[in-house]
Amino acid sequence: MGTDKVRKVKDKLATDKDFAGQCYQACTDFLDYVAVLQAKGLAIADVGHDLLPASLDMGSRYQLLATDALHVATCQTYGLKHIATNDSHFDRVDILHVWKP
């Protein structure tokens, strides 16, 4: 999403009560869905400041964008060997098996 679109959404959130309500309701619905998945055994990884050094290493090693590097560092930290993504940048990461949905 371009910065112009982000600005428009921010402005609309601040000025349109109905729009803001719809957005926050969608977020609430998503959190409810995640809670159901957690109750069924989904584990959510804690991604904190302590992953930043590994993220920098992964970004440099595999020429990744910061968010992609954080995903790889998280996988490495939690011992995950597989990732499902259509992002071709992960094809360079030899420590993960990439599944293309």
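**Contacts, salt bridges and core of a predicted model**

Colleague: Which residues does Pro101 touch, leaving out those up to four places away in sequence?
Modeller: Beyond that stretch of sequence, Pro101 touches Ala84, Thr85 and Asn86. Contact here means heavy atoms within 4.5 Å.

Colleague: What kind of model is this, and how are the residues numbered?
Modeller: This is a predicted model, in which local features need pLDDT of at least 70 and side-chain atom pairs count only at pLDDT 80 or more, while totals for chains, interfaces and linings use all residues. Residues are numbered from 1 along each chain as its sequence is written, and side-chain values use heavy atoms, with hydrogens and water left out.

Colleague: Back to Pro101: where does it sit, and is it buried or exposed?
Modeller: Pro101 belongs to the segment after strand 2 (97-99). Helices (H or I, at least four residues) and strands (E, at least two) are DSSP runs, numbered from the N terminus. Pro101 is exposed, at 72% relative accessible area. Buried means under 20% relative accessible area, exposed means over 50%, and partly exposed lies in between, with a 1.4 Å probe and protein chains only.

Colleague: How far is Pro101 from Lys17?
Modeller: From C-alpha to C-alpha the two are 37 Å apart in space, and 84 residues separate them in sequence.

Colleague: New topic. How many salt bridges are there?
Modeller: The count is three, where a salt bridge is a side-chain nitrogen of Lys or Arg within 4 Å of a carboxyl oxygen of Asp or Glu. One of them joins Lys8 and Asp4, with the closest N and O atoms 3.5 Å apart.

Colleague: How are Lys8 and Asp4 placed in helix 1?
Modeller: They are four residues apart in helix 1 (residues 3-15), so about one helical turn separates them. Lys8 is exposed, with a relative accessible area of 53%.

Colleague: And what about Arg61?
Modeller: Arg61 pairs with Asp57, and their closest N and O atoms are 2.7 Å apart. Both residues lie in helix 3 (residues 52-62), four residues apart, or about one turn of the helix. Arg61 is partly exposed at 46%, and Asp57 is partly exposed at 35%.

Colleague: Which residue does Asp91 pair with?
Modeller: Asp91 forms a salt bridge with Lys100, with 3.2 Å between the closest N and O atoms. Asp91 is partly exposed at 48% relative accessible area, and Lys100 is also partly exposed, at 43%.

Colleague: How many disulfides turn up?
Modeller: The search of the whole structure gives zero, a disulfide being a pair of cysteine sulfur atoms within 2.5 Å.

Colleague: Which residues make up the largest nonpolar core?
Modeller: It has 12 residues in all, among them Met58, Tyr62, Leu64, Ala69 and Cys75. A nonpolar core is a set of buried Ala, Val, Leu, Ile, Met, Phe, Trp, Tyr and Cys residues joined through side-chain atoms within 4.5 Å. Helix 3 and helix 4 are the elements that give two or more residues to this core, and helix 4 supplies the largest share, four residues. In soluble globular proteins, nonpolar side chains tend to be buried together. Cys75 is buried at 8% relative accessibility.

Colleague: What does Met58 touch?
Modeller: Not counting residues up to four places away in sequence, its contacts are Gln63, Leu64, Ala69, Val72, Ala73, Gln76 and Ile95.

Colleague: Gln63 is on that list; what is its phi?
Modeller: Gln63 has a positive phi of about 55°, although it is not a glycine. Most residues other than glycine have a negative phi. Gln63 is in the loop between helix 3 and helix 4 (66-77) and is exposed at 63%.

Colleague: Ser55 next: buried or exposed?
Modeller: Ser55, in helix 3, is buried at 9% relative accessibility. Apart from its neighbours within four places in sequence, Ser55 is in contact with Ala66, Ala69, Leu70 and Ala73.

Colleague: And where is Thr74?
Modeller: Thr74 lies in helix 4 and is buried at 11%. Its contacts, leaving aside neighbours within four places in sequence, are Ala45, Val47 and Leu51.
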